[in-house]
Amino acid sequence: MPAASTETARSVATMRRRLARQFSEAGLDTPDLDARVLVGHALALDHAALAAQADRRLSDREAAAVAALAQRRLGREPVARIVGAKEFWGLPLTLNAETLVPRPETETVVEAALAALGEDRGQALRIADLDTGSGALLLALLSELPAAQGVGTDISLSALGCARSNAAALGVENRASFVACDHGSALGGGFDLVVANPPYVASAAIAGLQPEVRNFDPRRALDGGPDGLLAYRAIAGDARRILARHGLLVLELGAGELEAVTALAAEAGLIPGPCRRDLGGLPRALAVKVST
Ligand SMILES: C[S@@+](CC[C@H](N)C(=O)[O-])C[C@H]1O[C@@H](n2cnc3c(N)ncnc32)[C@H](O)[C@@H]1O
């Protein structure tokens, strides 16, 4: 039965299982999921089609495409970077080489902002998302705040291009604009809500991050300077100028940064408010006001 066994060895299901085993042996965190997504991506099959075609034999070209993606994953490239997309707040976002892969814990910033806005959610709010990357925070907020308008800033033109095309794909291009500048430096004042997930890893700590992060996320999306607080200093120092008097700033925090960022905000004349924890229980989103 050599022909049949060759057939089996090249079926969609067999390839998935083989990849999952290789990924597991390589110590990857989610081998089955990674194998499913990468086989589906290589073959342009969604979850249901993968199941329906489980016994289909792969062509040589398809097998080579799957193997090439598997090699990239074994080189610790994140699945989101390989497929060029990641879901954030239930929104499909595309990525490029200059955008951070949006993280689930960043959704805590959206939760904190929405909780603080309370009944003002229907107002024509003006939002700024500093250091917007793929546009994740701004686009999540615009999806929840139907009358709001927003601007995203970034130092990377390529990231801004990605954010702009994500806004168009989500149909909110008329409510979103994008500006290249240092944090909020090119913005005027009067924003009701400013959010930021700035680079916050201390430079020397980057070498100790997981390979998926240190080798594939853009360095300037991670590097927060010698103590990790460089961007927070700039943003806190400029916040009173950018925010309306009743305005709210919500900052994502890196691990162990709550105390230092709270102190920076207070030094800048801001009023630190509640800090929301992420699903892992870590303080993740600090809300700060201009006045009580
Ligand atoms: C941690 S990533 C966050 C991206 C996105 N907001 C998210 O949550 O997925 C930080 C972003 O800040 C940008 N950045 C770094 N330095 C900056 C600066 N001085 N001014 C504006 N953006 C900056 C990077 O290009 C990157 O897109």
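Which residues are the closest to the ligand, and how many surround it? Select the ligand and its shell: 16 residues surround the ligand, and the closest are Asp-131, Asp-154, Asp-182, His-183 and Asn-197. A residue makes that list if one of its heavy atoms lies within 4 Å of the molecule.

Before you click further, a word on the ground rules. This is a predicted model, where local features need pLDDT of at least 70 and side-chain atom pairs count only at pLDDT 80 or more, while totals for chains, interfaces and linings use all residues. Residues are numbered from 1 along each chain as its sequence is written, and side-chain values use heavy atoms, with hydrogens and water left out.

**Stop 1: the ligand**

Stay with the shell and colour by class: you get seven nonpolar, five polar and four charged residues. Here Ala, Val, Leu, Ile, Met, Phe, Trp, Tyr, Cys and Pro count as nonpolar, Asp, Glu, Lys and Arg as charged, and the others, Gly among them, as polar.

Now put some distances on screen. A backbone N or O atom of Asp-131 sits 2.9 Å from a ligand nitrogen. From Cys-181, a polar backbone atom lies 3.5 Å from a nitrogen atom of the ligand. Pick Asn-197 as well: an N or O atom in the side chain of Asn-197 is 2.8 Å from an oxygen atom of the ligand. Taken alone, the ligand exposes 590 Å², and the protein buries 95% of that. Areas come from the Shrake-Rupley method with a 1.4 Å probe; for residues, only the protein chains shown count as cover.

**Stop 2: helix 7**

Select residues 107-117, which are helix 7. Helices (H or I, at least four residues) and strands (E, at least two) are DSSP runs, numbered from the N terminus. Which residues of helix 7 are buried? They are Thr-108, Val-109, Val-110, Ala-112, Ala-113, Leu-114 and Leu-117. Buried means under 20% relative accessible area, exposed over 50%, partly exposed in between (1.4 Å probe, protein chains only).

Show what lies over those side chains. The cover includes strand 1 (85-88), helix 8 (136-144), strand 6 (191-196), strand 7 (243-252), strand 8 (271-277) and strand 9 (283-289).

**Stop 3: Glu-212**

Jump to helix 10 (residues 211-214), where you'll find Glu-212. Is Glu-212 buried or exposed? Glu-212 counts as buried because its relative accessibility is 11%. Its side chain makes a polar contact with the side chain of Arg-76, at 2.9 Å. (A polar contact is a pair of N or O atoms within 3.5 Å; within protein, one must be able to donate a hydrogen and the other to accept it, and residues adjacent in sequence count only if both atoms are side-chain atoms.) Neighbours within four places in sequence aside, Glu-212 touches Leu-28, Arg-73, Arg-76, Pro-78 and Asp-217, where contact means heavy atoms within 4.5 Å.

**Stop 4: Val-201**

Val-201 is in the loop between strand 6 and helix 10. With a relative accessible area of 16%, Val-201 is buried. Its contacts beyond four places in sequence include Ile-206, Leu-209 and Leu-222.

**Stop 5: zoom out**

Colour by domain: domain 1 is 2-75 and domain 2 is 95-289, with bounds from an automatic or database domain assignment. Their centres, taken over C-alpha atoms, are 37 Å apart. The chain has 13 helices and nine strands, and its C-alpha trace spans about 80 × 40 × 30 Å along the principal axes.
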